[in-house]
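Hi everyone, thanks for coming.

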Amino acid sequence: MTEYWVSQGKKWCDLCKIFINNSTSSIRNHELGQRHKDNVTKRLSNMRDEKVAKDKQKKETARVLSQIEEKATRSYQKDISTATSLAAPASSEGTEWEHDTSSGYYYCKSNGCYYDPNSGFYYTDALGKWVTQEEAFAAAAKHSSGPIQKKPMFANATPSLTSTSQNDSKVQRSTVNPTRSVNKPSSLAINKRKRADNKPKVISEEEAAALKAREAARKRVEEREKTSLGLYKR
């Protein structure tokens, strides 16, 4: 026997979910068929519907974000106006207030009280908490016999980044192998071979089921033709 049959393989149609002969004429006839055309039309319609849904969702998200930004802006402007309306407490005889930039509060040297313009409460070391003006002044009058010379500190010291940057600048950089020349290529780079791409082909569930069914059919045909081909003795 000088002639033998060679399989041309099969081509998987992802729209119709079937295998067809991997030849130009078979592919052309399948693509001109009514079943394939209907599946193409259905796929395009689904793609258009998905695009419309995505655009609608995108517009809705932009609208919600815009509302959130508007509410945040109004709330911020309201907070700014409230903070601006709360001015420093009125200075009377013996009570002069100065703004402490480190803490953001107003400080009175005569009684050692702090005033928060945001909340309107007063703080004194005699009580150790924020109270009303009457309570703070009464507690300060009981525990102070004269003007307070030393002002307490509210702000916490923040670590300076100058020393860190200076220490980082003093770090000396050296190569891993000082004896090797900089311009000399590495032996690993010269002898490095490109690894073949052995990534498995990703197939759909329908195509995998069709391949499994075709393999089972091929095995059944081989079992039936074993005796006729004379390859096995019974």
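So, there are eight aromatic pairs in this structure. Rings of Phe, Tyr and Trp (its six-membered ring) pair if their centres lie within 6.5 Å; planes under 30 degrees apart count as stacked, over 60 as edge-to-face and the rest as tilted. Take Trp12 and Phe19: their ring centres are 4.8 Å apart and their planes are at 65 degrees, so that pair is edge-to-face. Tyr106 and Tyr115 have centres 6.4 Å apart and planes at 45 degrees, so they make a tilted pair.

Quick caution: this is a predicted model, where local features need pLDDT of at least 70 and side-chain atom pairs count only at pLDDT 80 or more, while totals for chains, interfaces and linings use all residues. Residues are numbered from 1 along each chain as its sequence is written, and side-chain values use heavy atoms, with hydrogens and water left out.

Now, buried or exposed? Buried means under 20% relative accessible area, exposed over 50%, partly exposed in between (1.4 Å probe, protein chains only). Trp12 is buried at 13%, but Phe19 is partly exposed at 22%. Tyr106 and Tyr115 are both buried.
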